[in-house]
Amino acid sequence: MRVCASYGSVPEVMADADMHELRLDVFDVLPEDLSENTIITLAGKDISKVPGDFKGLVDIGESDDAIPFRKIRSVHDFEKTPSEETLREIMSHGDQELSKCACKVNSFSDLHTIFKVASTTERKHLILGMGEIGTVTRIRQVLLGNDFSFGYVGKKTAEGQLSAEEMKVLGDDCRIVGIIGHPLGHSLSPVMQGAAMKTAGINGLYLKFDSPDLKDVDKVIREYDISGMNVTIPYKQDIIPFLDEVEGAAKDMGAVNTIVNKDGKLIGTNTDYAGVLHAFERAGKKLSECENVLVFGSGGASRAAVYAAIRSGCRTTMLARNKEAAATISKEMGCETTGSCSLSGYDALINCTPIGMKEDSEYMFDLSEITKDIAVMDMVYNRKTQLVAKAESAGCTVADGRDMLVGQGAVSFERWFGRKPDTEIMRKAIL
């Protein structure tokens with residue numbers, strides 16, 4: 001990977017990088033000994049600040065002006081990724097030595113557009129995606145045919161950048177995994193899986209792919225050589241048509257939370273149920289020790305809970321506001337449904353809804369009915385919910401939603417990398 005250090009502030013010492021970008025809105029005085037591997041970006045400043053004998057590249061923005069230097073013509077779109085036609089026009093227009101476009105990436109389709117144009121443009125070019133979902137474009141320089149890639153020094157000069165130091169370590173052949181969902185602001189998976197990868201000595205990154213739809217997701221995974229993905233709300237069922245194969249638990253559950261890219265073949269599986277079992281075991285009570293389990297909710301996560309309970313030999317009943325969705329799961333997976341809100345007769349309760357994430361949330365059952373004889377699991381893991389608080393005060397066995405996250409993440413990790421991760425490291429990372 002050819003890394004250009006982009007300085008967001010004036011450094012004490014220049015970074016170890018192949019190239020250096022010096023922005024005139026950052027540097028009042030340019031360093032001495034500028035080489036042909038230096039880029040001076042005008043950033044709206046007067047070109048007279050560029051030394052007359054400068055041999056490097058001058059980024060003049062969108063201007064077509066003739067200048068007495070080797071030049072980069074750069075176009076920025078901070079709102080969207082241009083269409084394929086427009087992006088190709090940007091690359092071909094002008095007499096510059098290098099054509100650059102940095103654009104906001106909002107979806108998988110945007111990533112697909114960037115790949116199509118960048119990988120087939122013969123002219124010396126640089127096409128980069130801005131924003132969190134655009135980060136993948138920055139660490140696939142060779143795949144995209146980009147002349148180099150920027151890494152920041154001091155502070156970021158664009159959203160989605162990685163540091164120049166990190167870029168040098170990662171290189172073009174680093175492993176990439178990530179998570180698909182919308183929205184993804186609350187996800188702890190990146191820090192958890194990142195810690196597991198580092199401990200295992202795996203050179204790679206776990207990225208967020210927050211997209212409002214799944215169009216072109218299969219193409220992007222293959223094009224950018226992504227080893228695998230986790231899938232979360234709201235795409236655990238919608239992802240299935242984009243996959244080549246759905247196996248085992250995912251087929252039985254009708255929901256996918258993990259994608260494995262096996263030499264371009266996209267395989268969907270589900271590790272959520274393993275997370276449920278792991279959470280109960282870590283709490284000190286196996287789910288198989290429970291006779292009657294009540295699963296609250298009817299989304300993709302509830303399918304995992306139902307599957308785990310049935311596999312554990314439990315009589316399993318669903319309670320949900322969406323009675324139609326609950327009936328579908330009941331028919332497909334062989335559990336029961338109930339319209340009763342009483343907790344009487346159950347010795348395990350699994351909340352698979354986001355209810356509890358806010359203080360004023362209302363459950364479909366009376367929290368006062370929770371006794372110490374009921375084991376409780378809440379999949380909401382980013383705060384202590386009313387349900388968990390009540391269960392703890394009643395002396396219940398409480399399975400932590402974070403342990404479910406660790407359990408399912410560990411099995412995903414093993415599928416991607418062929419080795420077991422350190423689950424204690426993963427747990428510590430999210431606490």
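Before you select anything: residues are numbered from 1 along each chain as its sequence is written. In this predicted model, local features need pLDDT of at least 70 and side-chain atom pairs count only at pLDDT 80 or more, while totals for chains, interfaces and linings use all residues; side-chain values use heavy atoms, without hydrogens and water.

**Stop 1: the largest pocket**

Select His186, Thr232, Ile233, Lys236 and Ala301. Of the 35 lining residues, these are the closest to the centre of the largest pocket. The space there is about 880 Å³. (A pocket is an open set of points on a 1 Å grid over the protein atoms alone, where a 1.4 Å probe fits, with protein on both sides within 12 Å along at least five of seven lines; lining residues have an atom within 4 Å of a point. The volume is the space filled by probe spheres set on the points.)

**Stop 2: the elements around it**

Colour strand S11 (228-231), helix H9 (300-311) and helix H12 (401-417). Each supplies at least two lining residues. H12 gives the largest share, four residues. (Helices are DSSP runs of H or I, at least four residues; strands are runs of E, at least two.)

**Stop 3: the cysteines**

How many disulfides are there? The count is zero, a disulfide being a pair of cysteine sulfur atoms within 2.5 Å. Go to Cys101. Its closest cysteine sulfur, in Cys103, is 4.4 Å away, too far for a bond.

Finish at Cys396. The nearest cysteine sulfur, that of Cys290, is 11 Å away. Cys396 is also buried, at 11% relative accessibility.

Terms used:
Buried means under 20% relative accessible area, exposed over 50%, partly exposed in between (1.4 Å probe, protein chains only).
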